[in-house]
Amino acid sequence: MRQWLDTHVHLLYPERLHYDWTAGLARSPHSFHLRDYLSEARSLGIGPALHMEADVREADIESETELIEELAQDPLGPMVGGHFVMPPESTDGKAFASFWSARPPTR
């Protein structure tokens, strides 16, 4: 079976992060953890994956990045990278650069 790369994985950890965009939904979204994703992806032949930020509160951006770093530490896991966020309206480029320079690639 061909193995596919999933370039757009959104994981939801509402017990750790805040997703304000869900406030207007008729029902709150449930969590969607890496193990939930894997149970669906593997049966479809999806192997490596890139995390796509899930629009957490600005105060949670660093925590979301740290969570995905945790998940990417598993050498047998699917996470090989990610799309992370710096709000375009942010003027604190030095803080952003400092945050990322302290993070060597996990793999």
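The side chains of Asp20 and Arg57 meet in a salt bridge, 2.8 Å from N to O; the term stands for a side-chain nitrogen of Lys or Arg within 4 Å of a carboxyl oxygen of Asp or Glu. This pair links distant parts of the chain, with Asp20 in the loop between β1 and α1 and Arg57 in the loop between β2 (46-52) and α2, 37 residues apart. Asp20 is partly exposed at a relative accessible area of 45%, and Arg57 is partly exposed at 37%. On this scale, buried means under 20% relative accessible area, exposed means over 50%, and partly exposed lies in between (1.4 Å probe, protein chains only).

A word on what you are looking at: this is a predicted model, where local features need pLDDT of at least 70 and side-chain atom pairs count only at pLDDT 80 or more, while totals for chains, interfaces and linings use all residues. Residues are numbered from 1 along each chain as its sequence is written, and side-chain values use heavy atoms, leaving out hydrogens and water.

How many salt bridges does a search of the whole structure find? It finds two. The other one joins the side chains of Arg16 and Glu70 at 3.0 Å, N to O. Arg16 sits in the loop between β1 (4-9) and α1 (34-41) and Glu70 in helix α2 (residues 61-72), so this pair ties together parts that are 54 residues apart in sequence. Arg16 is partly exposed, with a relative accessible area of 43%, and Glu70 is partly exposed too, at 46%.

Now step back to the fold. The protein has three helices and three strands, taken as DSSP runs numbered from the N terminus (helices H or I, at least four residues; strands E, at least two). Along the sequence they follow the pattern β-α-β-α-β-α. Among contacts (heavy atoms within 4.5 Å) between residues at least 6 apart in sequence, 75% join residues at least 24 apart. Buried residues make up 36% of the 107 residues.

An α-helix has 3.6 residues a turn, so residues three or four places apart point the same way.
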